[in-house]
Amino acid sequence: MAVMTYAGTDVDVDAEGFLTDASQWNEGVAAEIARAEGIGELTDRHWLVIGVMRREFEEKGAGPAVRALAKVSGVGIAELYQLFPKGPAKEAAKIAGIPKPRGCI
Amino acid sequence: MSDKTERIEKVSVIISKGSLEGIYPGLIMANGARAEGMEANLFFTFFGLDAVHRARHEHVKVAAVGNPGLHLATWLGGLPGMSSVMTHYMAHKMDELDIPPIPEMIEMIAESGAGLYACKASADLFGLGAADLIDQVRDVITVGEFYALAAGGEIIFT
């Protein structure tokens, strides 16, 4: 485990850069992780997906994999991949400050 | 920060079998590769072409005979309709796990940006043309063209 500083906030992260304590997250942290991941400035559509990720994590204890993310968010698969080219569920979870989703579909 | 050693950047998955259990693993591998941000191609060859056959891809079945994994007596597996019954049972189990049927799974994989290709030799063998295949298939290609597409990545044969 390591400590990273995003937008002036110290956060604990695992070996892949996922926050290990979702309560350390804030929107400034999200914006800076997104820049570090090469996604650039977050649009309303990114924020919608990030919000769904955090809500699902709070309700179910885990973020959804891609198919479930598309269903729950209403954002189609193709658009999800445009928003998060390195893998929608994985990238959105990292930016949302929650653990990497473990679903296979 | 993250450990980037030995990361797979690209996979090309060959699907050569036409049974449910022959098709799903390759689809899941390709879909999972895209979900991890890898580039992914799917190459459908021989009976695997049924997975992208317009008329057949909704009717792919589990092999009820010669499939010891089902733990079903051979004589029982050979009864009329047994393959359909086992397929129905599997579909039910998969639905519980939110695994989509083959047509929907393939649509999802295509939308994720993976490339779907059909094998020319197999298409010729079965007398199939592009019109017989679902729209998501980008092209009917030769083995050589497949290797060119797969260059620089891992190849998975299923």
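This is a predicted model: local features need pLDDT of at least 70, side-chain atom pairs count only at pLDDT 80 or more; totals for chains, interfaces and linings use all residues.
## Around Phe44(B)

Leaving aside residues up to four places away in sequence, Phe44(B) touches Ile15(B), Leu27(B), Leu49(B), Ala51(B), Val52(B), Leu116(B), Tyr117(B), Ala118(B) and Cys119(B), where contact means heavy atoms within 4.5 Å.

A word on the ground rules: local features need pLDDT of at least 70 and side-chain atom pairs count only at pLDDT 80 or more, while totals for chains, interfaces and linings use all residues; side-chain values use heavy atoms, with hydrogens and water left out. Residues are numbered from 1 along each chain as its sequence is written, with chains lettered from A and ligands numbered from 1 in the order in which they are written.

## The cores

Phe44(B) also turns up among the residues with the most contacts inside the largest nonpolar core, together with Ile95(A), Leu27(B), Leu42(B) and Val52(B); this core has 71 residues. A nonpolar core is a set of buried Ala, Val, Leu, Ile, Met, Phe, Trp, Tyr and Cys residues joined through side-chain atoms within 4.5 Å. Helix H1 (residues 20-35) of chain B gives the largest share of this core, seven residues. Domain 1 (10-58 + 101-157) and domain 2 (64-100) of chain B both contribute residues, so the core lies between them.

There's a second, separate core of seven residues, and Phe43(B), Tyr117(B), Phe146(B) and Ala150(B) are among them. As a general point, nonpolar side chains in soluble globular proteins tend to be buried together.

## Strands of chain B

Strand S2 (residues 39-44) of chain B is mostly covered, with five of its six residues buried. Helices (H or I, at least four residues) and strands (E, at least two) are DSSP runs, numbered from the N terminus. S2(B) pairs in the parallel sense with strand S1 (residues 10-15) of chain B over six bridges, and also in the parallel sense with strand S3 (residues 115-119) of chain B over four bridges. Two strands pair if DSSP finds at least two bridges between them.

## Two domains in chain B

The division of chain B into domain 1 and domain 2 follows an automatic or database domain assignment. Their centres, taken over C-alpha atoms, are separated by 23 Å. Seven residues of domain 1 of chain B are in contact with five residues of domain 2 of chain B.

Ala55(B) sits in the loop between S2 and helix H2 (74-77) of chain B and is exposed, with a relative accessible area of 52%. Ala55(B) and Leu133(B) are 78 residues apart in sequence, yet 8.3 Å apart in space, C-alpha to C-alpha.

## Over to chain A

In chain A, strands S1 (residues 2-6) and S2 (residues 9-13) run antiparallel and are joined by five bridges; Val3(A) has Asp12(A) as its bridge partner. The two strands form a hairpin with two residues between them, and Ala7(A) in the turn has a positive phi of about 50°.

Glu56(A) belongs to helix H2 (residues 44-60) of chain A. Glu56(A) is buried, with a relative accessible area of 7%, and touches Gly61(A), Ala62(A), Pro64(A) and Val72(A), not counting residues up to four places away in sequence.

Conventions
Buried means under 20% relative accessible area, exposed over 50%, partly exposed in between (1.4 Å probe, protein chains only).
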